[in-house]
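Thanks for coming. I have one structure to go through today, and I will keep to the geometry.

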Amino acid sequence: MTQYPALHMYIDGEKVSGGGRQTFDVVNPVTGETLAELPLANSADLDRALDAAQRGFTTWRYTPAAKRARVLHGAAALIRERAAELARVATLEQGKPVGEAKMEAMAVASWFDFAAGECQRLYGRELVRPVGQRSVVRWEPVGPVAAFAPWNFPLVNPGRKLGAAIAAGCSIIIKSAEETPASALGVLQCLYDAGLPTEVAQAVFGVPDEVSRHLLASPVIRKLSFTGSTVVGKHLAKLAAENMIRTTMELGGHGPVLVFDDADMEKALAMSAGGKVRNAGQVCISPTRFIVQEDVFEKFREGMAERLAATVVGNGLEDGTQMGPMANARRPDAMEKFVADAKGKGARIDTGGERIGNQGYFFQPTLLSEVPLEAEVMSEEPFGPLALINPYRNEDDMIAEANRLAYGLAGYAWTNDVQRQRRLADALEVGMVGMNTHMVSSADAPFQGVQWSGHGSEDGPEGVKACMVVKTVHEA
Ligand code: NAD
């Protein structure tokens with residue numbers, strides 16, 4: 001049996017807990033039972049972390065890239081070694097099937113390896129000048145980073161932010177979600193064990209609004225990296241603007257999926273249903289709005305309903321589970337409201353639509369069809385196992401529907417017509433396009449949204465550069 005670890009913060013190299021601090025109950029979403037108490041930071045804790053982050057930056061920024069790379073490669077190796085245990089802890093606190101959690105751990109390791117390579121290729125350039133003069137463009141680390149990572153990918157979300165900052169030469173204070181702290185601490189421990197100086201990366205937890213206000217008001221912090229909802233992203237962007245802090249915002253999405261009559265229907269159905277139930281739909285790039293050409297609509301609706309209904313839902317630690325509970329009590333409540341609202345406005349429920357059991361946060365994989373645009377779920381991110389499917393006549397109508405919302409994270413299309421693929425790649429207003437695939441995330445590929453889905457990239461060379469600034473030096 002996996003033991004859930006005792007929880008603490010990591011501030012200036014010290015495990016911080018107790019001392020009369022407020023606490024937060026971390027809960028197992030399978031049962032709703034408390035796993036452990038998490039200590040929350042007070043303002044003295046945050047000031048201490050800021051002070052350490054300032055010290056950490058002054059040394060880490062001048063630490064040779066090869067040494068930073070050694071730490072990141074070392075941490076990647078440790079994550080692979082500890083992947084099974086990291087995954088079980090992530091499943092205990094977040095609920096996803098343990099196989100998905102293990103893939104998450106592996107993704108963090110591959111990102112650390114990629115960032116390690118990338119930080120050794122931050123070349124800058126020298127400009128052509130007359131004899132005796134010199135102009136150089138340099139990439140420098142932006143400074144101490146404040147990072148806020150949500151609970152849906154408890155390993156990858158903090159991992160991405162830690163890897164980018166550390167590769168770039170920044171220090172970082174990370175506040176991962178209070179719901180899933182042990183995963184973030186497990187990743188951080190791998191970095192420490194690989195030789196990262198403890199003042200370079202620290203973990204705090206707290207009342208989110210108090211922590212973000214405190215950190216973003218400090219002159220120490222030079223960059224904010226946030227993953228979460230658009231509404232919180234807008235709030236934090238305003239706070240960051242007060243101190244002109246640079247931001248990377250990875251916010252919500254409403255994944256449009258365009259399905260054309262020339263698509264490989266079996267493949268489209270398998271990936272769409274599999275993609276929808278992955279992490280119980282709590283994925284910012286989850287396929288959500290299925291925009292289906294009318295002559296294949298019935299076939300697609302039936303195929304999706306069949307596959308979603310056949311999903312094995314259960315405890316993520318048990319063999320054979322394909323979808324776990326939702327991560328917290330807020331999610332099934334939100335699903336019930338979305339379904340009731342859509343049904344009331346005339347949507348048809350093809351499968352699912354209800355909670356499962358009377359303990360934990362389980363919700364049925366659900367397909368709603370012929371959903372009126374006025375239904376809330378057609379405009380708000382469901383962030384759960386709800387698929388919405390409507391018929392459309394032609395490509396132009398389908399593109400218009402895909403671009404209807406201000407969200408623009410990932411968009412998908414299923415078609416075997418190469419010319420159409422190119423038109424769609426041009427037309428979709430998103431940061432990532434999946435053409436005949438729903439796999440749009442890898443360590444070497446930048447991950448980003450446009451409009452209300454945010455700005456700035458994570459992963460890829462762009463993810464490391466997002467923690468850097470350019471300085472031009474002219475000498476005469
Ligand atoms: P929420 O909007 O309250 O919180 C989302 C995340 O932001 C959490 O991790 C939370 O700790 C953090 N947060 C909230 N207020 C903050 C603040 N003032 N300062 C710093 N961090 C803050 O909602 P929730 O119920 O936790 O999640 C539901 C919604 O969040 C979903 O509907 C979805 O749209 C969005 N979400 C998006 C992602 C993503 O990957 N983009 C991940 C998780 C949640």
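This is a predicted model: local features need pLDDT of at least 70, side-chain atom pairs count only at pLDDT 80 or more; totals for chains, interfaces and linings use all residues.

The chain has 14 helices and 22 strands. Its radius of gyration is 23 Å, close to the 23 Å that the globule rule gives for 476 residues, so the chain is as compact as a globular protein of that length. Along the principal axes, the C-alpha atoms fill a box of roughly 70 × 60 × 40 Å. Of the 476 residues, 55% count as buried. If you take the contacts with a separation of 6 or more, 72% of them come from residues 24 or more positions apart.

Now the domains. The domain assignment gives domain 1, which is 9-251 + 453-475, and domain 2, which is 255-442. Between their centres, taken over C-alpha atoms, there are 31 Å. At the interface, 17 residues of domain 1 are in contact with 22 residues of domain 2. On the domain 1 side, the elements that give two or more residues are helix 3 (83-94) and helix 4 (98-118). Helix 3 has the largest share of that side, with three residues. By class, the domain 1 side has five nonpolar, seven polar and five charged residues.

Next, the ligand. Which residues come nearest to it? Out of the 21 residues around the ligand, they are P150, P208, S212, G228 and S229. Helix 7 (208-216) and helix 8 (230-242) each supply at least two residues of the shell. Both domain 1 and domain 2 take part, with at least three shell residues from each. The shell divides into ten nonpolar, seven polar and four charged residues.

On to helix 5, residues 156-168. At 1.5 Å a residue, its 13 residues should span 18 Å, and the end C-alpha atoms are 18 Å apart, which agrees. Is this helix buried or exposed? It is mostly covered, with 13 of its 13 residues buried. After helix 5 comes G169, with a positive phi near 95°.

Then there is E104, a residue of helix 4. Why does E104 count as buried? It has 25 C-beta neighbours inside 10 Å, and 20 or more is enough for that label. Leaving out residues up to four places away in sequence, E104 touches A90, F153, L155 and V156. E104 and N157 are 53 residues apart in sequence, and their C-alpha atoms are 9.5 Å apart in space.

Last, two backbone angles. Most residues other than glycine have a negative phi. Which way does D12 go, positive or negative? D12 is not a glycine, yet its phi is positive, at about 50°. D12 sits in the loop between strand 1 (9-11) and strand 2 (14-16). With 16 C-beta neighbours inside 10 Å, D12 counts as partly exposed. The other one is E370, also not a glycine, with a positive phi of about 45°. E370 belongs to the loop between strand 15 (366-369) and strand 16 (386-392). It has 15 C-beta neighbours inside 10 Å and therefore counts as partly exposed.

That is the end of my list.

Notes
Residues are numbered from 1 along each chain as its sequence is written. Helices (H or I, at least four residues) and strands (E, at least two) are DSSP runs, numbered from the N terminus. The radius of gyration is taken over C-alpha atoms; the globule rule is 2.2 Å times the number of residues to the power 0.38. A residue is buried if 20 or more other C-beta atoms lie within 10 Å of its own, exposed if 12 or fewer, and partly exposed in between; C-beta atoms are placed from the backbone. Two residues are in contact if their C-beta atoms, placed from the backbone, lie within 7 Å. A residue is near a molecule or strand if its C-beta atom, placed from the backbone, lies within 6 Å of it. Ala, Val, Leu, Ile, Met, Phe, Trp, Tyr, Cys and Pro count as nonpolar, Asp, Glu, Lys and Arg as charged, and the others, Gly among them, as polar. Domain bounds come from an automatic or database domain assignment. The expected span of a helix is 1.5 Å times one less than its number of residues.
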